[in-house]
Amino acid sequence: MRLSKWHALGNDYLLVEPGELKAPLTPGAVRRLCDYHYGVGSDGLLEITAVDGASAHVRIWNPDGSTAELSGNGARIVAAWLARRSGQEHVTVRVGGRDTKAEVRGAQIVLDVGHVQVDAPERIDLGDERVEFIPVSVGNPHAVIRREPERGELRRLGPRVERHGRFPERTNVQLVRVDGKHELTVGVWERGAGETLASGTSAVAAASAAVVQGWCESPVHVRLPGGELLVEVDDDRRARLTGPAEEICTVELPEEPT
């Protein structure tokens with residue numbers, strides 16, 4: 001089986017093209033492939049299930065073997081791969097039942113994320129503390145918390161919020177610091193993956209919450225441990241995400257993991 005490995009600000013994915021799989025992927029196979037010690041190692045896997053010119057369908061796997069409704073970094077990676085394959089700058093990535101339009105501008109990919117739902121602030125009880133968060137949906141769930149994105153705090157709080165009973169399907173978690181009218185610093189705890197260097201949908205969730213709450217104005221530069229993403233949010237709460245994606249290498253496996 002042949003794989004390509006990509007990253008978007010250090011958030012790395014394996015990409016599997018149609019025809020490379022002799023049998024359907026299983027959660028166990030995905031966990032094995034994504035394991036940094038026993039597999040290739042990655043933050044997730046992008047399974048291209050169909051391609052038609054400048055349009056592709058993708059299934060996004062988390063490293064724990066679960067699937068994700070959307071990944072901003074994953075979708076940008078697929079867009080970069082598809083643009084190179086098709087020779088087109090404008091491509092469509094279908095994931096989780098939605099078509100996501102993208103424009104490839106050299107190393108930068110502009111992704112039309114669509115409407116972002118930002119709800120009123122809530123509080124959850126973690127037993128020893130109560131935490132206020134902004135519920136956001138970018139096609140996948142997010143809990144945006146305005147708090148210093150210190151790594152120890154992220155690793156302490158992230159898994160507790162991710163698996164809280166408020167979120168039956170679990171949630172992505174962002175710790176957000178407002179640095180200016182157009183600037184945020186964000187730490188990300190990703191559902192099914194844990195601490196990550198960058199997350200596209202987390203950047204969109206944090207920026208959208210910041211705009212709706214009046215912390216920031218669009219456009220918002222979102223600084224993550226892996227680098228910076230640009231998020232634009234219009235008056236209808238539609239978002240565009242701009243950032244890089246590049247291929248790291250290709251990998252040939254002698255056999256498929258089970």
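Visitor: Which two strands form a hairpin, and how many residues lie between them?

Guide: Strands here are DSSP runs of at least two residues (E), helices are runs of at least four (H or I), and both are numbered from the N terminus. Two strands pair if DSSP finds at least two bridges between them. In this predicted model, E7 and E8 form a hairpin with 2 residues between them. Gly 106 in the turn has a positive phi of about 65°. Local features need pLDDT of at least 70 and side-chain atom pairs pLDDT 80 or more, while totals for chains, interfaces and linings use all residues. Residues are numbered from 1 along each chain as its sequence is written, and side-chain values use heavy atoms, without hydrogens and water.

Visitor: In what sense do E7 and E8 pair, and over how many bridges?

Guide: E7 (residues 98-105) and E8 (residues 108-115) pair in the antiparallel sense, over 4 bridges. Val 104 has Ile 109 in E8 as its bridge partner.

Visitor: Which strand pairs with E8 over 7 bridges?

Guide: That strand is E18 (residues 238-244), and the pairing with E8 is antiparallel. Leu 111 has its bridge partner in E18, namely Leu 241. In a regular strand the side chains alternate between the two faces of the sheet.

Visitor: How many residues does helix H2 have, and what span should they give?

Guide: The expected span is 1.5 Å times one less than the number of residues. H2 (residues 72-86) has 15 residues and should span 21 Å; its end C-alpha atoms are 21 Å apart, which agrees.

Visitor: Why is H2 described as largely enclosed?

Guide: Because 12 of its 15 residues are buried, H2 is largely enclosed by the rest of the structure. Among the buried residues are Arg 76, Ile 77 and Trp 81.

Visitor: What is found at the start of H2?

Guide: A side-chain oxygen of Ser 71 comes to within 2.8 Å of the backbone nitrogen of Gly 74. Just after H2, Gly 87 has a positive phi of about 75°.

Visitor: Which residues line the largest cavity?

Guide: A cavity is a set of points on a 1 Å grid, over the protein atoms alone, where a 1.4 Å probe fits but cannot get out; lining residues have an atom within 4 Å of a point. The search finds 1 cavity of 30 Å³ or more, and the largest cavity holds about 70 Å³. Its lining includes Ser 71, Asn 140, Glu 190 and Arg 191.

Visitor: Where is the cis peptide bond?

Guide: The cis bond joins Ser 218 and Pro 219, with omega about 0°. Pro 219 is found in the loop between H4 (200-213) and E16 (220-224).

How values were computed. Buried means under 20% relative accessible area, exposed over 50%, partly exposed in between (1.4 Å probe, protein chains only). A polar contact is a pair of N or O atoms within 3.5 Å; within protein, one must be able to donate a hydrogen and the other to accept it, and residues adjacent in sequence count only if both atoms are side-chain atoms. On a 1 Å grid over the protein atoms alone, a cavity is a set of points where a 1.4 Å probe fits but cannot get out, and a pocket is an open set with protein on both sides within 12 Å along at least five of seven lines; lining residues have an atom within 4 Å of a point. Grid points are joined across faces, edges and corners, and a volume is the space filled by probe spheres set on the points.
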